[in-house]
Amino acid sequence: MKKQVICWTVFPLLCILLLLLSVEAQTCSPSGKIKGKTPPPGQCNQENDSDCCKDGKWYTTYKCSPPLSSQTKATLTLNSFERDGDGGAPSECDNQYHSDDDPVVALSTGWYNNGKRCLKYINIHGNGKSVRAKVVDECDSTMGCDSDHDYQPPCPNNIVDASKEVWKALGVPENDWGEMDIYWSDTD
């Protein structure tokens with residue numbers, strides 16, 4: 001407490017600058033852009049209404065995600081983690097494919113946190129229900145529009161990309177699957 005008083009009385013402009021930097025550090029700004037290119041024929045799997053990159057379109061990339069809280073707001077999207085599904089390659093955490101009947105998710109790059117959440121569980125709250133799901137993959141917010149990413153754009157920075165089982169467990173009617181606002185948290 002004494003240090004804060006000294007800061008404000010002796011160096012008020014420095015204190016304001018430090019405060020602004022502290023607030024800035026808690027936000028997540030874009031890190032760049034990549035230019036889309038048209039995928040080769042048959043190379044972008046549009047299962048679950050996945051988008052394919054468009055030639056010449058610029059896509060925003062992120063190295064971060066919004067700050068975590070006890071109830072972090074996110075967008076739930078639909079993904080197939082099965083071989084030949086729209087998820088593309090095997091899951092990053094274990095180099096395996098996973099059944100769409102298992103509650104598994106991929107997290108945007110910042111939340112994936114260089115694999116620190118790999119094979120750990122998160123709680124997802126949406127549609128008045130909750131489900132526990134295992135993190136098995138990264139929804140890459142830094143790259144896209146190439147064969148490694150099934151010629152899909154980079155993920156936004158606030159995505160929990162979930163299997164069909166997660167959507168079922170949340171009681172969402174199948175015709176409403178695709179995108180939904182949710183909250184999520186790490187399990188204890």
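Mentor: We'll go from the strands to one residue, then to side-chain pairs. Keep in mind that this is a predicted model.

Trainee: Fine. Which strands close into a barrel, and in what order?

Mentor: There are 6 strands in the barrel, in the order β3-β7-β4-β6-β5-β8. The pairing is mixed. Neighbouring strands of this sheet are turned by 45° against each other on average, direction ignored.

Trainee: How does β4 pair with β6, parallel or antiparallel?

Mentor: Parallel, over 5 bridges. Look at V104, which stands opposite K134 in β6. Then find S108, which faces C139 in β6.

Trainee: And how many bridges join β4 to β7?

Mentor: The number is 3, and these two strands run antiparallel. Strand β7 covers residues 159–162. L107 stands opposite V160 there.

Trainee: What holds paired strands together in general?

Mentor: Backbone hydrogen bonds, in either the parallel or the antiparallel arrangement.

Trainee: Now one residue. Where is A133?

Mentor: In strand β6, residues 129–139.

Trainee: Buried or exposed?

Mentor: Buried. The relative accessibility of A133 is 0%, and the cut-off for buried is under 20%, so A133 counts as such.

Trainee: What is A133 in contact with, leaving aside its neighbours within four places in sequence?

Mentor: The list is P103, V104, V105, K120, Y121, I122, I124 and V166. Take K120 from that list. K120 and A133 are 13 residues apart in sequence, and their C-alpha atoms are 8.3 Å apart in space.

Trainee: Switching to rings. How many aromatic pairs are there?

Mentor: The structure holds 1. W111 and W184 form it, edge-to-face, with 5.3 Å centre to centre and 70° between the planes.

Trainee: Where in the chain do those two sit?

Mentor: W111 is in helix α3, residues 109–112, and W184 is in strand β8, residues 179–186. They are 73 residues apart, so the pair links distant parts of the chain.

Trainee: Are the two tryptophans buried or exposed?

Mentor: W111 is buried, at 2% relative accessible area. W184 is buried as well, at 1%.

Trainee: Next topic, charges. How many salt bridges?

Mentor: The structure holds 2. In one of them, the side chains of D101 and K168 meet at 3.8 Å, N to O.

Trainee: What does the D101 and K168 pair tie together?

Mentor: D101 lies in the loop between β3 and β4, while K168 is in helix α4, so the bridge ties together parts that are 67 residues apart in sequence. K168 is partly exposed, at 44% relative accessibility.

Trainee: And which residue forms a salt bridge with R117?

Mentor: D186, with the closest N and O atoms 2.8 Å apart. R117 is in the loop between α3 and β5, and D186 is in strand β8, 69 residues away.

Trainee: Which end is buried and which is partly exposed?

Mentor: R117 is buried, with a relative accessible area of 11%. D186 is partly exposed, at 38%.

Technical notes. Residues numbered from 1 in each chain as written. Predicted model: local features only at pLDDT ≥ 70, side-chain atom pairs only at ≥ 80, totals over all residues. Heavy atoms only, no water. Phe/Tyr/Trp six-rings, centres within 6.5 Å; stacked < 30°, edge-to-face > 60°. Helix = DSSP H or I, 4+ residues; strand = E, 2+ residues; numbered from the N terminus. Buried < 20%, exposed > 50% of the residue type's maximum accessible area, 1.4 Å probe, protein only. Contact = heavy atoms within 4.5 Å. Pairing = 2+ DSSP bridges. Axes fitted to C-alpha atoms, helices over the stretch in contact; angles between N-to-C directions. Salt bridge = Lys/Arg side-chain N within 4 Å of Asp/Glu carboxyl O.
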